[in-house]
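Q: Please take a close look at one part of the model shown here.

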Amino acid sequence: MKILIFDDFKLGVIKADTVVDVSQVVQGIPAHGPHNLISGLIERFADYRTALEQAAARGTGVPVNKVRIRPPLPKPCNIDCMAVNYMEDGTRARGRHR
């Protein structure tokens, strides 16, 4: 099952080349925004999986190219990055600095 946030931060499931709105299925998850909804769904996925699958199966959906796909975590709490100059793969000469 492919789950996404789309348009006005609705929860959807990809079905073939369409997106089925399943927001109604997860209304019981306490959330103060889409980022909390996804976190809550992840925590309770076993409880909601069957209902999501059933909603996706009976929904008609909207073509994927007609929706605005949003980030899966609209407000991530952490963004981890590392900047490293790799010399072992030959992309940068040893001792050469800019």
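What is the order of the strands in the open sheet, and which pairing do they have?

A: The model is predicted: local features need pLDDT of at least 70, side-chain atom pairs count only at pLDDT 80 or more, and totals for chains, interfaces and linings use all residues. Residues are numbered from 1 along each chain as its sequence is written, and side-chain values use heavy atoms, with hydrogens and water left out.

The open sheet has four strands in the order β1-β2-β3-β4, with antiparallel pairing; strands are DSSP runs of E of at least two residues and helices runs of H or I of at least four, numbered from the N terminus, and two strands pair if DSSP finds at least two bridges between them. The edge strands, each pairing on one side only, are β1 (3-6) and β4. Helix α2 (residues 45-58) packs on this sheet and touches β1, β2 and β3, contact being heavy atoms within 4.5 Å. The direction of α2 makes about 65° with that of β2, as an angle from 0 to 180 degrees between N-to-C directions, with axes fitted to C-alpha atoms, for helices over the stretch in contact.

Four bridges join β1 to the antiparallel β2, and isoleucine 3 stands opposite valine 13 in β2. These two strands form a hairpin with three residues between them, where aspartate 7 in the turn has a positive phi of about 45°. The backbone oxygen of aspartate 7 lies 2.7 Å from a polar atom of the arginine 70 side chain. Arginine 70 itself belongs to the segment after β4 (62-63). Beyond its neighbours within four places in sequence, arginine 70 is in contact with Ile5, Phe6, Asp7 and Phe9.

Methods:
Polar contact = N/O pair within 3.5 Å; in protein donor to acceptor, adjacent residues only side chain to side chain.
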